[in-house]
Amino acid sequence: MAVFNKEGLFVTKKGKYQVDDLVTKLSFVSGTYLAEFLQSIGLTIPRKLRMNVLSKVLKEPVERTIEERKTLADEMGYKLTWFSKFTDTQLVNLLEWYKSTSLGNLYLTGFWRDFLDYIVVKGVSDSDIERLFIEADNSIKSNKRPLTLDFNKALNTVLYDENGEIDGVTQAQFRPVTYKATTLTELRGIGEKYNAPIPKRLKKNEMLQVILDKLKERNELTPDLEKKLKTQNIILLERFAKDHDIKVSTELKKEEIIEFILSNAEETK
């Protein structure tokens, strides 16, 4: 089983490797290959591993950007004040916003460094690790690292959230940071990511289901009330939702989109 020895070398049955050299080579491996590799050995990665790397890489650039924009009343400057609370999607998108090759390379090498720690902890076999290293040797010959956007998109298939979390944060954390610091396009992307695509308009049955689910959550749903709601038209349902502080309407507002995601994503519904 692979280990880090006291000299800080990565050691397998095949030999000893300098970690810096190793992560440089691995940073040329595509996200598609990594996802297929992990699936082949039945291993997934905690979403927070990626988030922690992104947070470390982006911390200084974000601080500089906030300083540069502090006299401007612009949306991005305000959004970045929420950086420490960003979800996985927000961090991934922020890396792309900077359009920086050097930041991208820092992210890729940082990710692989943390990934090596992870596979040691998980006890991945030496033979499987050697397969990965062979791919790294082959990939570096191209002298072209994968685009971070493509790498992260492929990685989505093998990341997992902790129980009760979505996009790397709790529901209580998700609501304010997405309301204050996402665009509608970004929110819709999160919905797609979690198999909760946001409809342009809610149909009657969709609105009814949101209301029923919320009433059940509050222990306020009775058989008679459910029967009554099912007979009402969409205008009356919308009025009922407003009167009972249930955030849903036919034309979804930002706050309602957030609740729709939380109500329909497998992780939180």
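**Salt bridges and a helix crossing**

Across the whole structure, a search identifies 19 salt bridges. The model is a predicted one, and every value given here is computed from it. Side chains of opposite charge can pair when their charged atoms come close. The pairs described below illustrate how such contacts are placed relative to the helices.

One of these salt bridges joins the side chains of aspartate 137 and lysine 25, with an N to O distance of 3.1 Å. Aspartate 137 belongs to helix H7 (residues 126–139) and lysine 25 to helix H1 (residues 19–26), so this pair ties together parts of the chain that are 112 residues apart in sequence. Aspartate 137 has a relative accessibility of 34% and therefore counts as partly exposed. Lysine 25 is likewise partly exposed, its relative accessible area being 33%.

A further salt bridge is formed between aspartate 114 and lysine 56, whose closest N and O atoms are 3.8 Å apart. Because aspartate 114 lies in helix H6 (residues 101–121) and lysine 56 in helix H3 (residues 47–69), the pair ties together parts that are 58 residues apart in sequence. With a relative accessible area of 57%, lysine 56 is exposed; the threshold for that class is over 50%.

Arginine 131 is partly exposed, at a relative accessible area of 35%.

Salt bridges also form a network in this model, linking Arg47, Arg50, Asp88, Asp161, Asp167 and Lys193.

Attention now turns to the packing of helices. Two packed helices are described by the angle between their axes and the distance between the axes. For H1 and H6, the angle is about 115 degrees and the axes are 8 Å apart. The crossing of these two helices is right-handed. On the H1 side, the contact involves Val19, Asp20, Leu22, Val23, Thr24 and Leu26, which meet Thr109, Trp112, Arg113 and Leu116 of H6. By residue class, this contact of H1 with H6 comprises 6 nonpolar, 2 polar and 2 charged residues.

Helix H6, in turn, holds aspartate 114, the partner of lysine 56 in H3.

Methods: Residues numbered from 1 in each chain as written. Predicted model: local features only at pLDDT ≥ 70, side-chain atom pairs only at ≥ 80, totals over all residues. Heavy atoms only, no water. Salt bridge = Lys/Arg side-chain N within 4 Å of Asp/Glu carboxyl O. Helix = DSSP H or I, 4+ residues; strand = E, 2+ residues; numbered from the N terminus. Buried < 20%, exposed > 50% of the residue type's maximum accessible area, 1.4 Å probe, protein only. Axes fitted to C-alpha atoms, helices over the stretch in contact; angles between N-to-C directions. Left-handed = near helix turned anticlockwise from the far one by under 90°. Contact = heavy atoms within 4.5 Å. Nonpolar A, V, L, I, M, F, W, Y, C, P; charged D, E, K, R; others polar.
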